[in-house]
Amino acid sequence: MKKIILFFLLMTVVGGAFAESRTAWFTDARFGMFIHFGLYSEPAGVWEGQTMGRNMYAEWIRMQHNWPDNPGLSQDEYDTLLDQFNPVQFDADAWVSEAKNAGMKYMLITAKHHDGFALWPSEVSDYNVVDATPFGRDILGELRRACDKYGIRLGFYYSHWQDWHHPGGVRPPWPEYSDLPLLQQPTEAEFEDYWQEKCLPQVRELINNYNPAFLWFDTWTDALYINEARLDELINLVRDLDPNCLINSRIGTTWGHSKGDERVDFLSMGDNSFPNRTIERPWETSGTMNRSWGYHRLDHAWKPHFEMLRYLITNASRGGNYQLNVGPKGDGSFPLASIKRLRQIGAWLAVNGEAIYGTMHSPLSEHDWGQVTYRPLPDGKSRLYLHIFKWPEDGMLPVHGLRHLPQSARVLETGQTVQCLADHSGIVVNLPVQPSDKDIYVVVLDVDTELE
Ligand code: FHN
């Protein structure tokens with residue numbers, strides 16, 4: 001009996017350690033690119049002059065066109081997009097090198113979004129880019145090669161729950177409109193057909209043919225039909241095919257659970273949701289640059305780059321990643337407004353990347369001037385990175401919770417040394433009264449002790 005207990009204890013420890021090593025690249029990476037691209041990129045939120053309702057998510061046009069009078073487009077109407085889908089400007093190298101220059105370490109793309117359309121030549125369903133459009137190119141295959149060339153990890157978004165093309169796929173969870181034919185949910189048996197004949201085989205294809213670093217599944221409410229048995233089936237399929245392929249929490253059961261399901265590798269927050277505390281497990285926020293994920297020609301609410309930079313830094317200081325979305329245009333090119341922001345963020349990371357990649361959450365309490373990231377150094381020493389969002393008027397920056405004066409303190413960008421003074425609640429960094437410009441500056445403190 002003792003031997004059995006010992007065996008299970010050992011397996012738990014080994015399993016935990018394996019899970020941690022499996023996710024090491026992900027937590028080190030901190031910053032990735034999300035891409036929403038598909039048939040919906042062509043109408044870009046506008047159908048026959050009419051815009052969408054409910055929200056600005058352009059990838060939802062099939063369900064949200066002409067909202068709320070007569071929501072949605074029939075399958076035949078939507079499928080007129082197949083002949084139009086010809087993104088001749090698509091250049092996998094250009095996309096991936098843009099991500100790389102932005103300082104991103106990985107990319108994930110909507111292999112299949114809710115509309116059920118696949119961006120690879122799926123043998124499971126000919127509702128895909130090669131068999132059903134004039135473009136006829138394997139978008140995932142081209143991205144696979146470009147990611148390998150540039151050293152960027154590649155993951156796939158796969159809509160395993162919503163599928164508006166297959167009769168068994170789940171429709172939008174809007175009970176108040178459940179009488180509308182477009183929104184009628186499948187029966188349990190129809191869903192099982194979808195699950196067995198499309199979802200599981202396509203996931204198998206994605207892993208076997210493209211070797212993704214992770215799969216990003218998508219649910220956001222109590223997910224009808226995604227029960228424990230199906231979750232096990234899907235998770236086991238992924239684990240059997242590739243034990244290194246990471247799985248995110250929006251696969252199902254963990255919606256709203258702060259600790260998440262132990263079987264998954266990282267937690268995905270809600271869209272543009274930024275937790276206000278450290279989370280001990282690997283986690284990420286996926287966020288938009290404006291309001292829509294897919295390209296929306298009328299969505300002009302572009303966030304300034306420093307807002308998104310703050311999300312990246314703040315998530316890192318709480319132990320999380322940031323996956324910033326680009327919605328390429330119907331012709332396959334990135335919108336200029338996205339390119340501008342990617343390059344602005346990339347310029348900051350080219351200088352300050354050391355304060356982000358491979359860092360850990362802050363061991364200190366939160367400060368109102370900005371955020372702190374942390375790196376343990378050899379010999380029991382520590383390095384703190386102070387990301388200053390709000391420059392103190394008198395140049396005196398309090399750092400609470402540090403009991404010893406740092407051995408050295410310098411501005412990361414310029415190498416300029418700064419002085420530190422002891423204070424009753426920690427230390428104070430004596431900065432120049434004015435920063436040289438309005439950027440976010442990082443001050444590096446090297447401390448002689450372990451902080452965690
Ligand atoms: O409905 C989708 C939406 O279109 C988009 O893909 C986001 C990305 O997180 N996920 C769902 C809503 O949360």
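Axes here are lines fitted to C-alpha atoms, for helices over the stretch in contact, and angles run from 0 to 180 degrees between N-to-C directions. The model is predicted.

The crossing of α10 past α11 is right-handed. On the α10 side, the contact involves His305, Met308, Leu309, Leu312 and Ile313. These meet Arg341, Gln344, Ile345, Trp348 and Leu349 of α11. By class, the residues of this contact between α10 and α11 comprise seven nonpolar, two polar and one charged.

Helices α5 (residues 92-101) and α7 (residues 139-150) form another pair. The axes of α5 and α7 come within 9 Å and cross at roughly 40 degrees. The two helices, α5 and α7, are therefore oblique to each other. Their crossing is right-handed. Helix α5 contributes Ala92, Asp93, Trp95, Val96, Ser97 and Lys100 to the contact. Helix α7 contributes Glu142, Leu143, Ala146, Cys147, Lys149 and Tyr150. Seven nonpolar residues, one polar residue and four charged residues make up the contact of α5 with α7.

The remaining pair joins helix α8 (residues 188-210) and helix α9 (residues 228-241). Here the axes come within 10 Å, and the crossing angle is roughly 15 degrees. Angles under 35 degrees count as roughly parallel, so α8 is roughly parallel to α9. The crossing of α8 and α9 is right-handed. From α8, the contact draws on Glu188, Phe191, Glu192, Trp195, Gln196, Leu200, Val203, Arg204, Ile207 and Asn208. From α9, the contact draws on Arg230, Glu233, Leu234, Leu237, Val238 and Leu241. The contact of α8 with α9 holds nine nonpolar, two polar and five charged residues.

The ligand is surrounded by 13 residues. The closest are His36, Glu59, His114, Asp218 and Arg250. Asp218 places a polar side-chain atom 2.7 Å from a nitrogen atom of the ligand. For Arg250, a polar side-chain atom lies 2.5 Å from an oxygen atom of the ligand. Trp60 also has a polar side-chain atom at 2.9 Å from an oxygen atom of the ligand.

Definitions and conventions
Residues are numbered from 1 along each chain as its sequence is written. This is a predicted model: local features need pLDDT of at least 70, side-chain atom pairs count only at pLDDT 80 or more; totals for chains, interfaces and linings use all residues. Side-chain values use heavy atoms; hydrogens and water are left out. Helices (H or I, at least four residues) and strands (E, at least two) are DSSP runs, numbered from the N terminus. Angles under 35 degrees count as roughly parallel, over 145 as roughly antiparallel, 65 to 115 as roughly perpendicular and the rest as oblique. A crossing is left-handed if the near helix is turned anticlockwise from the far one by less than a right angle, and right-handed if clockwise. Contact means heavy atoms within 4.5 Å. Ala, Val, Leu, Ile, Met, Phe, Trp, Tyr, Cys and Pro count as nonpolar, Asp, Glu, Lys and Arg as charged, and the others, Gly among them, as polar. A residue is near a molecule or strand if one of its heavy atoms lies within 4 Å of it. A polar contact is a pair of N or O atoms within 3.5 Å; within protein, one must be able to donate a hydrogen and the other to accept it, and residues adjacent in sequence count only if both atoms are side-chain atoms.
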